[in-house]
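The structure is shown first, followed by the notes.

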Amino acid sequence: MPTYIVLLGPPGAGKGTQAEILAERFSLPHISSGDIFRENIKKNTELGVLAQTFMSKGELVPDDLTIAMIKERFSRPDCVRGAILDGFPRTPAQADALEVMLSGFGGKVELVPFFTATDETLIERLAGRWTCRANGHIFHVRFNPPIKEGVCDFDDSPLFQRDDDKAETVIHRIHVYRSQTAPLIEYYRKRGILAEINGSQPIEDVAAQLMGILVK
Ligand code: AP5
Ligand code: MG
């Protein structure tokens, strides 16, 4: 039975950080819609050019583009056993599309861990985040510093600060989350698969709470 897990929560709640841990522990692909868009921007693809106009303002990329991109990702064979989804779905229309996509190969969303944290925490985390150029590994200047400043521990690639982590863009992204993505909390709660996680705890404690829910 394939295992599909959707990580839900506001910008900076720790979705990417926990997705990395889960993907490694369960040997499942980590599918981050934001990372795929950033990869396309780096390669200057048609999708990347379009997505950048929305991402730089902290707006969501339109559903049709996002759904088509995720469909393409799901067409690859590594997704048949399951996946850790980070940043997708982000609207009810995307969640409906995901349900249809997964049913195509006999899968469904099993669990939706929903990370909570205060706005101050989110802003502090995003202001200090450093991401690796090569593979998107995530660090924080205080909460999860790399061994060597400015260099990824895992692949030696340089670390950079995301354009959309500027304070004013972060505040807008939090508003966008509340108006367009937060409806998914009820969407998945109604299906009985939402699991609220206190995302304000240290990284290892969040991971332990998550593992307690997953390995029952
Ligand atoms: P995306 O890349 O998905 O960004 P996001 O959802 O805004 O979330 P973040 O990546 O900022 O935060 P995170 O929860 O992953 O936190 P992280 O683990 O890094 O999307 C970017 C943009 O792409 C969107 O604005 C939109 O334009 C577009 N997009 C993407 N998907 C889309 C979709 N489906 N539809 C439409 N548009 C889409 O942690 C943050 C920092 O905190 C790090 O420094 C980390 O080290 C630190 N940290 C993490 N956990 C802890 C902890 N427990 N304690 C202390 N520090 C912690
Ligand atoms: Mg992320």
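**Ligand site and a helix pair**

Ligand 1 is surrounded by 36 residues, and the closest of them are Thr17, Glu59, Arg90, Arg129 and Arg173. The model is predicted.

- A polar backbone atom of glycine 16 lies 2.9 Å from an oxygen atom of ligand 1.
- For alanine 13, a polar backbone atom is 3.3 Å from an oxygen atom of the ligand 1 molecule.
- Arginine 162 takes part through its side chain, where an N or O atom is 3.0 Å from an oxygen atom of ligand 1.
- The protein buries 97% of the 1000 Å² that ligand 1 exposes when taken alone.

**Make-up of the shell**

- Two or more residues of the shell around ligand 1 come from each of helix 1 (15-26), helix 2 (33-42), helix 6 (119-127), strand 6 (138-140) and helix 9 (203-214).
- Helix 2 contributes the most to this shell, giving four residues.
- By residue class, the shell around ligand 1 holds 15 nonpolar, twelve polar and nine charged residues.

**Helix 5 and helix 8**

- Helix 5 (residues 92-103) and helix 8 (residues 183-190) have axes that come within 9 Å and cross at roughly 35°.
- On the helix 5 side, Pro92, Ala95, Asp96, Leu98 and Glu99 make the contact, and they meet Pro183, Leu184, Tyr187 and Tyr188 of helix 8.
- Seven residues of this contact between helix 5 and helix 8 are nonpolar, two are charged and none is polar.

Methods: Residues are numbered from 1 along each chain as its sequence is written. Chains are lettered from A and ligands numbered from 1 in the order in which they are written. This is a predicted model: local features need pLDDT of at least 70, side-chain atom pairs count only at pLDDT 80 or more; totals for chains, interfaces and linings use all residues. Side-chain values use heavy atoms; hydrogens and water are left out. A residue is near a molecule or strand if one of its heavy atoms lies within 4 Å of it. A polar contact is a pair of N or O atoms within 3.5 Å; within protein, one must be able to donate a hydrogen and the other to accept it, and residues adjacent in sequence count only if both atoms are side-chain atoms. Accessible areas come from the Shrake-Rupley method with a 1.4 Å probe; for residues, only the protein chains shown count as cover. Ala, Val, Leu, Ile, Met, Phe, Trp, Tyr, Cys and Pro count as nonpolar, Asp, Glu, Lys and Arg as charged, and the others, Gly among them, as polar. Axes are lines fitted to C-alpha atoms, for helices over the stretch in contact, and angles run from 0 to 180 degrees between N-to-C directions. Contact means heavy atoms within 4.5 Å.
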